[in-house]
Amino acid sequence: MTEKNTQGLALYHFETCPYCQKVRRAMAELGINIELRDTRQNPEYREEQVNGGGKGQVPCLRIDQAGEITWMYESDAIIDYLKAL
Ligand SMILES: N[C@@H](CCC(=O)N[C@@H](CS)C(=O)NCC(=O)O)C(=O)O
């Protein structure tokens, strides 16, 4: 399998969220390992997500491309993005 460039990616999620589970399952299937930030266990993650992305909905993928930050919501969009890496 080709090495995926997962630098600058972080997934905001929490354990029991079914949409987050779907994304984590897709990550496992794709062999993608990105930093997981649990917004229930760490309120500061939720705070930075709300401040940066505008809402606390999870899953949310934080994409840092050379310092330009994008917040991607919606599990299907996130999975499509990860598949295209
Ligand atoms: N359509 C969204 C649904 C995501 C969703 O409903 N997430 C719930 C947790 S399971 C949530 O974050 N609810 C709180 C909120 O929307 O602020 C997706 O597929 O990602």
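Reader: What should I keep in mind about the model?

Author: It is a predicted model, in which local features need pLDDT of at least 70, side-chain atom pairs count only at pLDDT 80 or more, and totals for chains, interfaces and linings use all residues. Residues are numbered from 1 along each chain as its sequence is written, and side-chain values use heavy atoms, with hydrogens and water left out.

Reader: In which sense do β1 and β2 pair?

Author: Strands of a sheet pair through backbone hydrogen bonds, either parallel or antiparallel. Strands here are DSSP runs of E, at least two residues, and helices are runs of H or I, at least four, numbered from the N terminus; pairing takes at least two DSSP bridges. β1 (residues 9–13) and β2 (residues 35–38) are parallel, over 4 bridges. Alanine 10 stands opposite glutamate 35, and histidine 13 opposite aspartate 38.

Reader: What is the hand of the crossover from β1 to β2?

Author: View the strands pointing away from you: a clockwise path from the first strand over the helix to the second is right-handed. Here the chain passes through helix α1 (residues 18–30), and this β-α-β crossover is right-handed.

Reader: What is the strand order in the sheet?

Author: The open sheet of 4 strands runs β2-β1-β3-β4, with mixed pairing. β2 and β4 (68–73) each have a single partner strand, so one side of each lacks a neighbour in the sheet.

Reader: Which span does UniProt annotate?

Author: The unreviewed UniProt entry places "domain: GST N-terminal" at residues 7–85. That span is 42% helix and 27% strand, and its end C-alpha atoms lie 11 Å apart.

Notes:
UniProt positions are given in the numbering used here, feature names are shortened, and annotations may be inferred rather than shown by experiment.
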